[in-house]
Every structure is written in structure tokens, then in C-alpha cells.
Amino acid sequence: MAKNLVIVESPAKAKTIEKILGKDFEVKSSFGHIRDLEKDDMGIDIQNNFKPKYIIPDDKEKVVKELKKLVKDSDEVWLATDEDREGEAISWHLCEVLGLDPASTKRIVFHEITKPAIEKAVRTPRLLDMNLVNAQQARRILDRIVGFELSPVLWRKMSMRNSLSAGRVQSVAVRLIVEREREINQFETVSSFKVEAWFLAKDIQGRTIAFKADGPSRFKTAEDAEKFLSQCVGAAYTVKDVTVKPGKKSPAAPFTTSTLQQEASRKLGYSVSKTMLLAQKLYESGQITYMRTDSVNLSDTAMEDISKAIHKNWGERYYQSRKYKNKNENAQEAHEAIRPTYMENASVDDSDLKRLYELIWKRTIASQMSDAELEKTIAKIDISTNHEELTASGEVLKFDGFLKVYMESRDDEDAEEDDQEGVLPPLAVKQALEMKEMKATERFTRPAPRYTEASLVKKLEELGIGRPSTYAPTITTIQKRGYVEKRDKEGVKRDFRILWLKNDQISKVTDQENTGAEKAKLFPTDLGMLVTDFLKQYFDRVMDYGFTARIEEEFDEIAGGKKKWNNMLQDFYAPFHHNVEETLEKAERVKGERLLGEDPASGKPVTARMGRFGPMVQIGKVEDEEKPRFAKLKQTQSIETITFDEAMDLFRLPRNLGLFEGTEVSVNIGRFGPYAQHDKKFYSLKKEMDPYTVELEEVAPLIVEKRQAKDERTIKVFEKEKIQVLRGPYGPYLKVGLRNYKLPKEKHETAADITVEEAKAIIEELKANPPKKKAPPRKKKAD
DNA sequence: CAGTGAGCGAGCTTCCGCTTGACTT
């Protein structure tokens, strides 16, 4: 029996620490929080100074039971949860549940899981910090109040209202995406002409090479650009001035959760949830440090390891010790940065994990390497026929430094349009240059790009909204609620003009480029836009981008003992709750209706709006004597941007294709895509079939094929009892109405010989003793 | 599985932040 019980949050961490502390210590994990607010009635007694009602969730009963037993058998308990607000609260809940005295139970903390750090922690225990615990309770209660008072407002006020939600984090995340979309929709593209000239000069080896120089400034119109080119006809070009400047590039800090998610997205194309899943595996197998962190700090032992690896692989010249500081003010830094546990392992076996691991390894190594040294050359070139000048710039890498290993990628948001600068040939002042050709190319301004999952995480982190453990789940939530969709967008072709000056002749051509194509970007849905507008209108305080940052300051004051947590909540709650009540009473139900025009055939109004089942267009009004016609919007369309013509096009469905076997065949687009309907049965259209143009001859074979497939699936049918014996992917089963019953193994071979009595017996048996089903609860059908 | 398109109001949904687990109709 161990004398000492140490409780941490993660089981993988427990294992490592147990090894370090030796046999006098037993280390167990709480698996995160062990208590939470009760869900019924908010779990808060608001009248009673916001007294929280905590319960132990079902999935934590087992852990708690085990910990209780272990506490009884131990002489001393050490609470070693993370050193932040949440960690402190977990320790407090452990005290409450395990019957430990907060005034005497030993509380220890460490930021890194190394022998010296943990031994030092054990030598210097402290007691629970109730101020920090209270700051966490205030955070928890405020989030519950916001989420559980705001969500029901949406259920009442949105015309589409199945399981809608709002919260301090998710609603602001959606707002970012909605506002970016509107910015893009309202963006007015301006074109201008960019001048580039190619010159010839001899390089060091005496070979003639071409290099590029940029024109003075951009020209607003083709006429201005042409005027400039014509001024250059017959001109002589001479080097006016050459400057050489040294420059340097420094490596990026080691990974935090958010920077890891960003780089894995840019470099490997991983979604944030995929990155976290793989990182979790690496962590559990002991290959990397903890993956949910906001710290850029490296432990001393890690720094030594990294130094050794750099010296061994590249030598002293490439080593530079660096301490990184967190730019983020509200970082809680309970852990280290994400780094490999053993720097001597440069790679791992598994192919999927390998790419992420190597990314982490390289980033960690590079963070302690020397700067890259550059030499930047800028040459100004005189034009004899006018007062303008051209600028050629080149960059030479003098020393690669950290670039030997790793270079951080950029988002397209920060990317400059200019292509990479190459090497310039040696140029002397007053040197005459031969101009090969000059061109003025029409370029267009671009709106800010839509968010990717990773760039949204970056933005949220900048705003101090959300935590490393919630970035991935938040992104999943806003998609699951139907506020946001991740998808690709096809680009559109666009003409652009080029003016050439070559051999003193000016020529004009028009070329074409693809613009606006995007991959795996976040688009707001109509629902997301309407919910955002609604919340902004009635709850601007919570929707403000600075709201979280401001209440974080108050939580800090509570943590510092300068403010009482119930007072802080009271100050927030009074106006907030008043607002909720007032909104419930006064706000109109949101429909998002927009008038598009008038139907030429009937003279009735054509409108787009949100219906019970999503965005739609309609001809006529519900109050009219004749029922209005309805059509669903396509996935890529939105109430805000759909045009009259696009709306009218939607009414071409359902289309009647004619008779097949004496019954009508029609096509339409449903919840699961385009389908054909015949004799009350449904048939999905093949991908290449366009419901707007498909013909009966193409659809008829689908009907025949599906019937055949069904025949093959059917083993036997008892018509009178309405029991079907079918062949499924997991073997034969019985089907009665919507319910399925698996046949016992010994009947699999002889399913065709089964009798009605046997089938009934099996069903009765399975009804009496249903097999354990742990599958996630299925969503209830509407209606 | 898919067709609908209000709202009488049955009965339900919902937050953020810690952590990992276990399942095939």
C-alpha cells in the first residue's frame, strides 16, 4: 500500500510522474473535472447569491468511486492538478467530493514534467487558493447563464429552431465568419496596372542573365499605363544607384496548441480536430509533451537536449539559445510548449503521426537555432526619356541558420502578391542596361480571405476567446448547429489586360485568370447570419469582441482577492437578465424576409426567407387564397445574395419527366441531394445527372436497378406478419416496420429456411433482452 | 432517409472547460 496518493488530471501524465516519484507514491488521474453544474434549472440558485448546484456526471462516477477508495487507503493526498484557474478548481472539487480538508491538504504545482521540477514541487507544497477557485466558479457560472438564457431566446425567436444555441465563445466565432462574408460580398474590386521590366546583364561568370525591375507606382487606368510605356519608347536605361543592406530572419517560437493547429493546417492540410487527434496519440505514447497548452516555454532539460541535437547535427554556428515570451496576455501557461519528449527521436513510425511529429520536432529544433542572414540589394534604374525610375531588388541568403530545418508558413491573408525576389547580377552605378521587354499588367484588389478552421483559431486566440482545449470543439459546434459550413468554392474566370513594350512597339492583349477559388473555407449559413444579427441587435454586450477580454480582467481581480465573485456576477446578471426578459417580450420572430421581385406569370411577389426547414424562396403569400409555391435554396446560395433570376430558376423543380410503366416520374432536390420519384418510391440521381436537364431514359434504369438490388437483399418475406428477412452488412436480420433484429449466429447459414414462429420467437427474445447499445443517441425525428 | 414551408404549444433542445473512452442495427 502506497503512503502517498498524488492526483493529476491526465492518466498519461500520472504514469510519467509515478516513474519519477518512485514506489512511495501512487499517482492517479481525475480525468479532468469531476463535477459540473446540474443541468436542470441552470444549476444555479440565482436568488441565493448565485449558489452553484454541483453534481458528479454519470461518466465520472467510476473515477470518483475509485479515488474515494484510494484516499481511504492513503496516509497523505497531494493535489497536483494544473496550475491555472481550472486546475485549482479541479483540486477544490476533489477536496469537496473526497472529504479532504482544503485547509490542510497539500497542493503542489509544476509547469513541466521533469524530475527536478516535480521533486521541487513535492518539497514546497502549498494550500488551495480559494480566490483562484472562485474566479473559476465565476467563469463557469457566467458561461452557464449566458448559454442557458440566450439559447432559449433563440428557440422562441427564430423561425428555424431545432436545438439552436448561443454562448460567449461560439456566438462570437460565428460573428467573425458572418462579418468576413459580408465584407467579401460588399467588396468593390478596383483594378490597377503594375509595371515590370526585364533587363539583361552579365553575371559573375560572364553569362547574360535577365532580371526584373518594378515600375514607379501602379497606374489607375490602361490609358495612364499606356502613356507611361509610350514615354519609354526609345529610352536608354542606366543604373543610378545600388544599395546593399544586411537583413535577418528569426525562427518562430515553439508550438502552442493554436500555432500547431495553424501550421498543421497550412503545411499538412489537417483540420484542427485531426491535428488534435494525432497529437493526443503522440502524447499518450509518450512522444510529445502535453498538446493543450498556451505556453511557449521550454524546460531546462529540453533546452539542453535541443542544444545537443543542434551541435551534433549542424555544429555550434547553427546554435542560438532563445527564451520566448508569450504575446498573449491571458495565457495561463500551466504547461510547457508542445515539443518532442526525446529530441534524439527525429521521427516516429506511423505514417500519419510521422508528419505531425516531424513538424513538431523541426519547429522545436529551429526555435533554438541561429538567425538566417540575408543580403538585400536594391538598384534604382534611370529612364532617359522621363523622370520616373525603376527598382530592381534581390535577396541573397548569406547564411541559412534555422532555415536549414524549418520555415513558418503564412496565411494567404498576410501573403504579399509579389513573387519571390531572386538574385541580381552585379550592377555598377552608371552601367547601361539593355531592356528586353516591359509590361503593364492589370491587377485587382482582393478582399480579405474567408477563414479556415486554423485562421479562425488564430483570430479567437488574439481576441482571448476560448482556450486550447476548446478551439477544436468550438469549431465542431458551430458547424453542427448549422451556423457555419466548411466547403470549397469554385473560382470564376476573369479577363485582365496586359500592355507590352517590346522593340519599341506597344501591343495589347487580354488574358484570363481564375479568381476567388477557395478550399476548405468557413462559410456562414443563412441561419448563422440571422442568429448573429439577432444577437447583435439585442445582446450587443455579449457579442462584443472585447467582452471576454473585459470579464477576464474581472476574473483576474477575483483571483487576486480584490473582488467578490458573487458581486461580479450580480453586476453582470442584472442588466443581462433584464435584457433577456425584454427581448422575449418585445422582439419579433426572425424570418429574414427579402423581396426579390414580381413573378411575371402571376404578378405575385417573389420573396426569399428562412422557413421551418431552412432558407427558401416563395411566390405569393401564405395569406393568399391560392397556396404559394415554395423552393429550397441551393447550398451555395443565400437569402442575402440570391438574385431574382436565380430564385426563378429554382422553381423549375420538381420536373415531370413523363410516364414509366404507366406512372409519373418526377425529379427534385431533397435533403440528400437530387432524386427521382416514381410510384411513391425514391431513387437518388447519379452524380453526373443534372436534375434540371435529366431525361426519362436516363432515370428509368435507376428504378430497375434499385428493384434488383432490393430483390437480392431480400431473403424471405412473411407478408401477413409484415416481417422481412434481409441480408445486411453484418449478416441476415429481421425487419419489422422500422425496427431491426439481428439473427443469432447459428441461424446465419439457414436464414432462408426460417419459419414465422422462429422469427417471432427471436423478436420476442430480443425485445425482452435487448442487446446493449452504447451508440451515440440518435437525433429524434422532427414532427 | 427525401414530399414540408403555421405555430394550438406536447416535450425537447442549450453553455465553456477540464479529460479520455468504447461501438458496430
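User: Which does Glu96 count as, buried or exposed or partly exposed?
Analyst: Glu96 counts as partly exposed, because its relative accessibility is 43%. Partly exposed lies between buried, under 20% relative accessible area, and exposed, over 50% (1.4 Å probe, protein chains only). This is a predicted model, where local features need pLDDT of at least 70 and side-chain atom pairs count only at pLDDT 80 or more, while totals for chains, interfaces and linings use all residues. Residues are numbered from 1 along each chain as its sequence is written, chains are lettered from A and ligands numbered from 1 in the order in which they are written, and side-chain values use heavy atoms, with hydrogens and water left out.

User: Thanks! Where is Glu96 placed?
Analyst: Glu96 is in helix 3, residues 85-98. Helices here are DSSP runs of H or I with at least four residues, strands are E runs of at least two, and both are numbered from the N terminus. Glu96 and Arg144 are 48 residues apart along the chain, and their C-alpha atoms are separated by 21 Å.

User: What about Cys95, buried or exposed?
Analyst: Cys95 counts as buried, because its relative accessibility is 2%. Cys232 is buried too, with a relative accessible area of 1%.

User: Let's zoom out. How many helices and strands are in chain A?
Analyst: Chain A has 20 helices and 30 strands. Its C-alpha trace spans about 100 × 85 × 65 Å along its principal axes. Of its 783 residues, 46% count as buried.

User: What share of the contacts in chain A comes from residues 24 or more positions apart?
Analyst: Among contacts with a separation of 6 or more, residues 24 or more positions apart account for 68%. Contact means heavy atoms within 4.5 Å.

User: And charges? How many positive and negative side chains does chain A have?
Analyst: There are 134 positive and 132 negative side chains, and the centres of the two sets lie 3 Å apart. Lys and Arg count as positive and Asp and Glu as negative, while His and the chain ends are not counted. Each charge is placed at NZ of Lys, CZ of Arg, CG of Asp or CD of Glu.

User: What does UniProt list for residues 3-113?
Analyst: The unreviewed UniProt entry lists "domain: Toprim" there. UniProt positions follow the numbering used here, feature names are shortened, and annotations may be inferred rather than shown by experiment. In the model, that span is 33% helix and 22% strand, and its end C-alpha atoms lie 22 Å apart.

User: Where does UniProt place the "active site"?
Analyst: That unreviewed entry puts the feature at Tyr290. Tyr290 sits in the loop between helix 9 and helix 10 (300-313).

User: Why does Tyr290 count as buried?
Analyst: Tyr290 is buried because its relative accessible area is 18%. Leaving aside neighbours within four places in sequence, Tyr290 is in contact with Tyr283, His335 and Ile338.

User: New topic: which residues of helix 12 are buried?
Analyst: In helix 12 (residues 453-463), the buried ones are Glu453, Ala454, Ser455, Leu456, Val457, Leu460 and Glu461. What covers them includes helix 6 (170-186), helix 13 (471-480) and strand 15 (484-489). Just after helix 12, Gly464 takes a positive phi of about 75°.

User: What phi does Phe50 have?
Analyst: Phe50 has a positive phi of about 60°, although it is not a glycine. Most residues other than glycine have a negative phi, and most peptide bonds are trans. Phe50 lies in the loop between strand 4 (44-45) and strand 5 (51-52), and Phe50 is buried because its relative accessible area is 0%.

User: And Lys430, buried or exposed?
Analyst: Lys430 counts as exposed, because its relative accessibility is 72%. Lys430 is not a glycine either, and its phi is positive, near 75°. Its place is the loop between strand 13 (389-399) and strand 14 (432-444).

User: Last one: which residues does a cis peptide bond join?
Analyst: A cis peptide bond joins Leu653 and Pro654, with omega about -5°. Pro654 is in the loop between helix 18 and strand 23 (655-660).
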